[in-house]
Amino acid sequence: MDLEHPYYDNSIVDLFLRIIEDVYFNAFILFIIICNTIVLCMDKYPEHDPQILAIFKICNLLFTIVFTCELILKFVALGFRPFFRDGFNIFDFIIVFTSIQGIVLELSETDSDKKGKNSYLLILRTFRCFRIFKLFKIGDLRVLIDSQV
């Protein structure tokens, strides 16, 4: 990344760049990824009361908001081309896009079209579980995985 480019002279870009490079910010995102994965796993089994399922829906919405904010921060901090040069950023972009699409579909569904959309929503939610693979990007965990192979 060429930090000498005039794009990076902007104070907002500089602030966002410092945020996305912050250890605590990245730890928070990893914590949210783990929480998101746990909630997604608990969502289907065992069968829960409608009140618990409503809490899971709210959690999923909050997770999507956090991931969308992270994506916006990264996009502004890095710029268009550098953002899309990183495979994990592309991966995050696709997951956030499908998460937002799933929420929109869920909010727009009626009782008559629940059956058709339920299988599609399940696919979108399953795809969101793949965010757990972002944990493998962490240095120490990556070294541990590489040493076992």
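**Close-ups of salt bridges and aromatic rings**

**View 1. Asp14 and its partner Arg18.** With a relative accessibility of 34%, Asp14 counts as partly exposed. Keep in mind that this is a predicted model. Asp14 forms a salt bridge with Arg18, and their closest N and O atoms sit 3.4 Å apart. Where do Arg18 and Asp14 lie along their helix? They are 4 residues apart in helix H1 (residues 11-20), so about one helical turn separates them. Arg18 reaches 53% relative accessibility, and because exposed means over 50%, Arg18 counts as exposed.

**View 2. Glu70 and Lys74 in helix H3.** Here's another of the 3 salt bridges in the structure. Glu70 pairs up with Lys74, with 3.5 Å between the closest N and O atoms. Helix H3 (residues 50-78) holds both residues, 4 residues apart, which is about one turn of the helix. Are Glu70 and Lys74 buried or exposed? Glu70 is buried, and Lys74 is too.

**View 3. Lys74 again, now with Asp92.** Lys74 also meets the side chain of Asp92 in a salt bridge, at 3.9 Å from N to O. This pair ties together distant parts of the chain: Lys74 belongs to helix H3 and Asp92 to helix H5 (residues 87-108), 18 residues apart. Like Lys74, Asp92 is buried. Which residues end up in one network? Glu70, Lys74 and Asp92 do, joined by salt bridges that share partners.

**View 4. Two rings, Phe83 and Phe84.** Time for some aromatic rings: the whole structure has 8 aromatic pairs. In the pair of Phe83 and Phe84, the ring centres are 4.9 Å apart and the planes make an angle of 85°, so this pair is edge-to-face. Phe83 has a relative accessibility of 0% and counts as buried, whereas Phe84, at 27%, counts as partly exposed.

**View 5. The phenylalanine cluster.** Which residues do ring pairs link into a cluster? The members are Phe75, Phe80, Phe83, Phe84 and Phe93.

**View 6. How confident is the prediction?** Across the chain, the average pLDDT is 79, and 68% of the residues score at least 70. Which element has the lowest mean pLDDT, and which the highest? Helix H7 (residues 139-148) comes out lowest with a mean of 50, while H1 is highest with 93. Helix H1 is also where you'll find Arg18 and Asp14 from the opening view.

Technical notes. Residues are numbered from 1 along each chain as its sequence is written. This is a predicted model: local features need pLDDT of at least 70, side-chain atom pairs count only at pLDDT 80 or more; totals for chains, interfaces and linings use all residues. Side-chain values use heavy atoms; hydrogens and water are left out. A salt bridge is a side-chain nitrogen of Lys or Arg within 4 Å of a carboxyl oxygen of Asp or Glu. Helices (H or I, at least four residues) and strands (E, at least two) are DSSP runs, numbered from the N terminus. Buried means under 20% relative accessible area, exposed over 50%, partly exposed in between (1.4 Å probe, protein chains only). pLDDT is the predictor's confidence in each residue, from 0 to 100. Rings of Phe, Tyr and Trp (its six-membered ring) pair if their centres lie within 6.5 Å; planes under 30 degrees apart count as stacked, over 60 as edge-to-face and the rest as tilted.
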